[in-house]
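Work through the exercises below with the model open. Try each task before reading its solution.

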Amino acid sequence: MRISFKHLTRHTCRAASTIPFKRHGNDIFRVLFCPHRRCSTTPLEQLIINAAQWDASNYYHRLGFCEEVHDLQRIKEHYRILAKHYHPDNPNAPPNAKVAFQSIKEAYEHVASNTKKATDGNKMDEAGFEFSDQVRRKAQMRFLGEGVGLFMAMTVVFIYIISKHNRERLGARYLWDFLLIFLIIQFFPRLLAAAILYACHTNYLVSLAESKEQATTSVVVERRSGGDVSIRLDGLTEEVKEKTVLQITITHVPLSSKASTGTAVEDLNTLTATSTSTTLTFDRGVTSVSVPANSGGVAEYRVRAVDMKRGFVLADRVLHV
């Protein structure tokens with residue numbers, strides 16, 4: 001909409017001639033330096049008045065809008081300006097002010113009502129979403145309940161037991177490994193997963209340490225002149241020797257049982273029936289022993305060494321002498 005400067009000035013300052021003033025003293029000063037006293041409407045208000053089509057069928061056009069507006073504050077501001085301009089009690093109101101005032105009032109009530117309904121609907125939708133989220137969280141907390149504290153306590157005990165076993169079997173607790181896994185997986189909701197991974201990681205370290213001990217441990221078997229067999233463990237440190245238990249299972253197989261008497265099944269049954277086994281378990285720290293040899297056949301020696309404190313199987317060998 002194009003409005004010339006002369007047209008705007010004529011409408012905005014129409015009431016300037018109606019303002020009484022005296023040509024002396026402070027009254028002249030007020031008129032000269034207070035322009036708002038000379039004009040009943042501001043330029044912005046006059047633009048709204050000129051844009052309003054009070055006899056239009058569109059309610060927004062009656063209030064001076066070109067399209068739908070959902071800002072209730074703007075709607076109220078337009079209505080205030082137009083109601084003041086077209087109010088029947090306004091001495092400067094147009095001749096058709098009464099009809100225009102009723103039309104603008106009807107448009108304001110309709111537009112304001114629709115805007116309030118839309119705003120209230122949006123608030124209810126947002127409130128419903130927040131309420132559903134809160135209900136879900138409360139349901140989760142009720143499901144967990146006081147079990148959260150018990151879960152935390154049991155998890156801490158579980159971690160302590162694993163670290164204690166690490167201290168006894170590996171010489172270190174490896175808690176830094178647990179903290180690293182815990183930080184990677186994230187915090188509280190992943191605590192159980194971190195504890196399980198910590199246990200698996202510890203089991204891997206134990207297997208690795210046990211393999212290293214087995215690689216350094218060797219079983220030496222010697223037949224002596226007196227007919228005895230000497231068995232000893234080499235590669236063990238003094239600290240490990242004090243915790244190691246040696247167990248030897250001797251199986252004697254007579255020579256007569258090695259002759260074939262028939263089918264393979266019959267030979268196996270005969271061998272099982274005639275062989276005898278003896279298990280010898282020695283005290284801790286004993287890593288070198290002498291056992292009697294089998295003079296009348298073949299002897300099978302199964303040597304098993306176990307670190308009783310750490311639970312490591314240091315050696316498990318089967319030898320034939």
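**Exercise 1.** Find the side chain that R310 contacts, and place R310 in the fold.

Solution. Step 1: the side chain of R310 makes a polar contact with the side chain of E213, at 3.4 Å. A polar contact is a pair of N or O atoms within 3.5 Å; within protein, one must be able to donate a hydrogen and the other to accept it, and residues adjacent in sequence count only if both atoms are side-chain atoms. Step 2: R310 sits in the loop between β6 (297–307) and β7 (312–320). Helices (H or I, at least four residues) and strands (E, at least two) are DSSP runs, numbered from the N terminus. Step 3: the relative accessible area of R310 is 12%, so R310 is buried (buried is under 20%, exposed over 50%, partly exposed in between; 1.4 Å probe, protein chains only).

This is a predicted model: local features need pLDDT of at least 70, side-chain atom pairs count only at pLDDT 80 or more, and totals for chains, interfaces and linings use all residues. Residues are numbered from 1 along each chain as its sequence is written, and side-chain values use heavy atoms, with hydrogens and water left out.

**Exercise 2.** Check the length of helix α5 against its residue count.

Solution. Step 1: α5 covers residues 72–86, 15 residues. Step 2: the expected span is 1.5 Å times one less than the number of residues, so α5 should span 21 Å. Step 3: the end C-alpha atoms are 21 Å apart, which agrees. Step 4: look at the start of α5. A side-chain oxygen of D71 reaches to within 3.2 Å of the backbone nitrogen of Q73. Step 5: list the buried residues of α5. They are I75, H78, Y79, I81, L82, A83, H85 and Y86.

**Exercise 3.** How many aromatic pairs does the structure hold? Describe the one formed by Y79 and Y108.

Solution. Step 1: there are two aromatic pairs. Rings of Phe, Tyr and Trp (its six-membered ring) pair if their centres lie within 6.5 Å; planes under 30 degrees apart count as stacked, over 60 as edge-to-face and the rest as tilted. Step 2: Y79 and Y108 are stacked, 4.1 Å centre to centre, with 15° between the planes. Step 3: the pair links distant parts of the chain, with Y79 in α5 and Y108 in α6 (residues 97–144), 29 residues apart. Step 4: Y79 has a relative accessible area of 18%, so it is buried. Y108, at 18%, is buried.
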